[in-house]
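I opened my notebook to look up a few backbone features. My entries follow.

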Amino acid sequence: MGNCCSDDAGGQTAVGGTAASHGNPNDAHNDAVDHLLKSRGYHGLFSQIELSLAAIDLRDRDVLSKSDPMVVVYTKGRDGGLVELGRTEVVLNSLNPKWITKHNVTYHFEVVQTLVFRVYDVDTQFHNVEVKMLKLDEQQFLGEATCALSEIVAKSDRLLTLDLVYREESSRSNRHQNRGKLIVHAEESVSSKTTIEMSLRCLDLEYKDLFSKSDPFLVISKIAESGITIPVCKTEVIKNELKPAWKPIYLNIQQVGSKDSPLIIECFNFNNNGKHDLIGKAQKSLADLEKLHTSGQGENLFIPAGHDHHNKTLKSQLFVDKFTESVQHTFLDYLAGGCQLNFMVAVDFTASNGNPRLPDSLHYIDPSGRTNAYQRAIIEVVEVLQFYDSDKRFPAWGFGARPIDGPVSHCFNLNGSSHHCEVEGIQGIMVAYSSALQNVSLAGPTLFGPIITNAASIASQSLANGGQKYFVLLIITDGVVTDLQETKDALVKASDLPLSILIVGVGGADFKEMEILDADKGDRLESTTGRVASRDIVQFVPFRDVQSGEISVVQALLAELPSQFLTYMRSRNIKPNL
């Protein structure tokens, strides 16, 4: 995956996370920095994928020869609209074509990216026409196939074979006629794996605070074709320092285009209100920064042109103390090696959710089929993660309720079984959830400790068995956790395991205390015994903050998951089984 980060070796987190050191009090400032990045266009991790296409057993629609097939590739939006990604060349006289034209698509882990492939037989009279100029309604339709990009990259060989159907067949549940098969192969761009490690420092920064020195941090942005700047990387905040030397940053070449692409390096003075002061900036490519490192010279920062249209050059200088280039294993490499992401879910059944039989309850099941917040959060997260879990059997628990004729339980199997906790797919979770609402009495308090301990036990057992699995626990809750210190203890212990925890807050509660569990918004967690979490494994988001915005709850929750995964694998020197 493309990623850029600043941290100690092994702790390479993405932009949008923190560049946290162990117990560094400055890390608490980085949530405001992350807000700055997101407000300026940064969204999650990505990797550049090249798609190759082939087909077998196409329908022969020509009388005197075989079909002359071409594929048109589309991306499908959430609204169902299609956007053409590209077209292959026309392969003459073939029912088993292998097209040479490749199609590049940017893979986003946190989004379900639906691809639609339509195959046409191009009429002989159009063979001398450029494919992009062909009118598709003048060609014979041979069939279409649809899949999610995640389905392809999650395969160990990154090869997916799809049945071709007619459009009217694709919406029907009856058996399709044989229209042939489309074979899609995905390959990750080498530039997605090439990482630059840099150590940056500045000298003679200007004072921006009234009673102290500046609190500087750097933001590195690329320049889009439209001319706007898009942030791709940040450093940590260093308090009260005019000669800051930041921790190493790790910048993926894919993120910026190439080593010669211009970058904007901005130095800001941190302010708690999120309105950070620009200290100065520089414009350099990675190649330029490498030359600065080789020469040992500094680059003067400047302030952009004012009314006189002249940039103001400052005495402040930027230095590159380290510049190394290497190829690292990516998130997709681990998937290709057979690594699985195993999903688990835990649902809050405390009384504060309200009587499930009443429409104002957060657990109300609407007869019209409209989903409640719990159902929406489950569906959106599982829709993304299901492609990375081969058996799609998900452990599902409830907490904070009293089962029939029993005491309050803080971890019970959602399916009502006393022996096993797994359910089959999204539908299995939905059925178990609805059933549990009929068979338990909502109670309390809100305790996370038992749920996290149970999930950690599953992850620990898998680790002991030598399996390459990484576990993702989704906790959905309507209130602030009651056992805060016990939860911290469980999280610190779990930080050494292949486990990430996503927490969704639903309803109108004040979730300020919950943000303590998310190290993006504070210091690294510490247990009762003084042990500090080895890494950040929690991502928290209030559902109301994202359900009506441009960033979906899934994107907000899952954006950091690949970097948490890579942090775990790299810090323990676990290589993919390639």
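Helices and strands here are DSSP runs, numbered from the N terminus; a helix needs at least four residues and a strand at least two. The model I am reading is predicted.

**Entry: a cis bond.** I looked up the peptide bond from Gly444 to Pro445. It is cis, with omega near -5°. I then placed Pro445: it lies in the loop between β23 (440–442) and α9 (449–464).

**Entry: positive phi.** I noted that Asp57 has a positive phi of about 60°, although it is not a glycine. Asp57 sits in the loop between β2 (47–56) and β3 (69–76). Arg158 also came up, with a positive phi of about 50°, and it is not a glycine either. I found Arg158 in the loop between α2 (149–153) and β8. Is Arg158 buried or exposed? Its relative accessible area is 11%. The cut-off for buried is under 20%, so Arg158 counts as buried.

Most residues other than glycine have a negative phi, and most peptide bonds are trans.

**Entry: the sheet.** I traced an open sheet of 4 strands in the order β5-β2-β9-β8, with antiparallel pairing.

**Entry: β8 and β9.** I looked at how β8 joins β9 (residues 181–188). The two run antiparallel and are joined by 5 bridges. In one of these, Leu162 has Leu182 in β9 as its bridge partner.

Key: Residues are numbered from 1 along each chain as its sequence is written. This is a predicted model: local features need pLDDT of at least 70, side-chain atom pairs count only at pLDDT 80 or more; totals for chains, interfaces and linings use all residues. Side-chain values use heavy atoms; hydrogens and water are left out. Two strands pair if DSSP finds at least two bridges between them. Buried means under 20% relative accessible area, exposed over 50%, partly exposed in between (1.4 Å probe, protein chains only).
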